[in-house]
Amino acid sequence: MSAPVILEGSGLTMRFGGLVAMAEVDFTLRKGEILGIIGPNGAGKSTLLNIITGIYVPSSGEVRLSGERLNGQPAHRIVGKGIARTFQSSRLFGDLSVLDNVIIGRHTHMKTGIFDAILRRSKAEAELAEAADIAERLLKAVSRGLYEQRHRPAAELPQADRRRLEIARALASEPKVLLLDEPSSGMDDADTDALMDDIRALCAERPELAMMIIEHDMRLVASLPHRVLVLDYGQKLAEGSYEEVRLIPRVQEAYLGRKATQNAQA
Amino acid sequence: MSVSVTATRRTSGAATALSIVALTEIGSAAFLRQFLLAEDWRVVVGLLGFFAIVLVALQRLPTVEARIEGAFSAQGRFATLLGIAIVLLFPFLLEKSTYALHLLIIAQLYAVLALALNFQLGSANIPNFATGASYGIGAYASALLALNWDVSFWLALPAAAVVATIFGFVLGVPSMRTRDSYLALVTIAFGVVVHQLLNNLEFTGGPNGLVGIPAPELFGHSFASPLVIFGHSLPSQANFYYLSAALVGVSILFAARLHHSRIGLAWNALRADELAARCQGINATWYKVLAFVVDAFLAGFAGTIYAFYVGFISPDNFTFLVSVTIMTMVIAGGMDNTLGVIVGAFLLTMLPEKLRAFSDYRILFFGVTVIAFLMIRPQGIFPQRLRRYGG
């Protein structure tokens, strides 16, 4: 992989009072690359995503997007720079329609202010109609079934479609980096397979898009990411291809416990 | 052949839609007229029962409801024009009852206030208990301008709205440091502070308030004199009826345009999930402050009209209870539904007046209404609708 680095974190540390949730974590993400992030519960995976997206401000260290320092900027501004995300427990706007959810994802690409909305109606409406158009095309591309349901409230969707909608909403902001927080959680094997196909299709369609995926499902981790970053107790344990990483004893320990690892090796 | 059949079907479909719209609007107006002119409490209760039956029937028969909704969206222009015509003609049908007109004016002002609060409570889920205070600030600002500097009503109107807006901004910014119940507490405190200031400051007239606010004039016609149109004389209240109706129209326009724009979507996103909204690029603080500002702006207008209508204001017109009343209207009518909020405002303004026997229990009535709605029908009389996009 020799594509240019798009997102980079160095020395990221996050302290909540006395608790160190993350200590000196470095990572790089290249254009078009998929980086898998694994680790046991509480390892700091979501913390890392929250730091990148501006929900947390790191205690020290910095995040750079194409060389520009991001940390310290509010979450809503970071989206505009080109980082979009999904959430572990899907956080859709449940009482709004599927289409509205995606249109809201285009917020940073719309300009209507209060005076435009009230006094220059045709301009505001044209902008919204354009966003609705783009959102419909995006939904169609992500999933035909989802597109058919675009006028239903998002809360009524089944789990797999909710995750798809989250991805569509994140893509609506036209990100350079897409962060997926446990996209397969709560899915059965068939849904996970469909999700993996969706992500592959997405990469084929957007070769420039870089992705970070937090995942527990090892089938997904084994097949999708180019590289895997292992976190444990807020520290980086290992980094490399899945095949390399899974053989490292400390990684096995973190997942299986020391005893089990020894038994497995014996 | 088939073309002409489709064409005929289309025209007959349009004709049906037109008649559905006309029947609904004229029927509602007739109902409102009967309700306003009813004197016997049994008639009032009977009419209310009828209203309830219609609502329940509509809920049970979603196809009928969808049909009516479809007709209104297909014939939107006709519906608006007929609605305006009905509003214009309505005072002529009230048998010169000044009381009915007075009730209508107050109901319309409350409708404006409820629509203003709806931007916050309905669209963005911000519990603001200070709408009554913004209303009072608008009223006092315009009254003081008129009394001290002889500013005409037409200048005082926008000036008072600007003053109220500034206060809304002043309230909105510190409120952003808190959320949920704490935010509600901050707004309650703001309302109490405003009330206390009005009560204790010298230039606001203290508890006695401001007296002798002059009636507005337009092209030499004083709003205190009867309105004569084509030889028909209407009581002087008709002037203010038309004025407040125009303000309701402006508020509806505001509501519709903001709802169907990036701003309305951002408010709805904040209501559903603030963290997810921020991660879509929505500046939560800015949009919440904006909701405060729009609320205060419209409330300021309503306050001015109220002050010039009654000609006398005192701090007790703008207590915490006024804010609670407005909130009740939004909750009962239907959060984030313009029609619902207006119906809620009309119903809750007129009911206590019509059922005089209960007027001592007004607050109890509002309390019971809120509890009943939150338990039985939390979405209000008319629930919010999903947005539609052309085509």
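## Close-ups of a predicted two-chain model

**View 1. Strands 6 and 7 of chain A run side by side.** Strand 6 of chain A pairs with strand 7 (residues 177-181) of chain A in the parallel sense, over three bridges. This is a predicted model, so read the close-ups with that in mind. To find your way into the pairing, look for Arg85(A), which sits opposite Leu179(A) in strand 7 of chain A.

**View 2. Zooming out gives the six-stranded sheet of chain A.** The sheet is open, its strands follow the order 6-7-8-3-9-10, and the pairing is mixed. Which strands stand at the edges? Those are strand 6 (83-85) and strand 10 (235-240) of chain A; each has a single partner strand, so one side of each has no neighbour in the sheet. On average, neighbouring strands here are turned by 20° against each other, if you ignore direction.

**View 3. Chain A also has an open sheet of four strands.** Here the order is 2-1-4-5 and the pairing is antiparallel. Strand 2 (19-30) and strand 5 (68-69) of chain A take the edge positions, and because each has a single partner strand, one side of each is left without a neighbour in the sheet.

**View 4. A closer look at strand 5 of chain A.** Strand 4 (residues 60-65) of chain A pairs with strand 5 of chain A in the antiparallel sense, and two bridges hold the count. In one spot to check, Leu65(A) has Glu68(A), in strand 5 of chain A, as its bridge partner.

**View 5. Chain B meets chain A.** On the chain B side, 30 residues are in contact with 33 residues of chain A. The area buried between the two chains comes to about 3,100 Å², with carbon and sulfur atoms giving 66% of that. How many residue pairs are in polar contact across the interface? The rule finds nine, with both residues at pLDDT 80 or more. Helix 9 (237-259), helix 10 (262-272), helix 11 (274-278) and helix 12 (284-310) of chain B each put at least two residues into the side that touches chain A. Helix 10 of chain B supplies the largest share, eight residues. Sorted by type, the residues on this side of chain B are 17 nonpolar, seven polar and six charged.

**View 6. A salt bridge between the chains.** The rule finds three salt bridges across the interface of chain B and chain A. The pair to pick out here is Arg91(A) and Asp273(B), whose side chains meet in a salt bridge at 2.7 Å, N to O.

Terms used
Residues numbered from 1 in each chain as written. Chains lettered and ligands numbered in written order. Predicted model: local features only at pLDDT ≥ 70, side-chain atom pairs only at ≥ 80, totals over all residues. Heavy atoms only, no water. Contact = heavy atoms within 4.5 Å. Buried area = accessible area lost by both parts, 1.4 Å probe. Salt bridge = Lys/Arg side-chain N within 4 Å of Asp/Glu carboxyl O. Polar contact = N/O pair within 3.5 Å; in protein donor to acceptor, adjacent residues only side chain to side chain. Nonpolar A, V, L, I, M, F, W, Y, C, P; charged D, E, K, R; others polar. Pairing = 2+ DSSP bridges. Axes fitted to C-alpha atoms, helices over the stretch in contact; angles between N-to-C directions.
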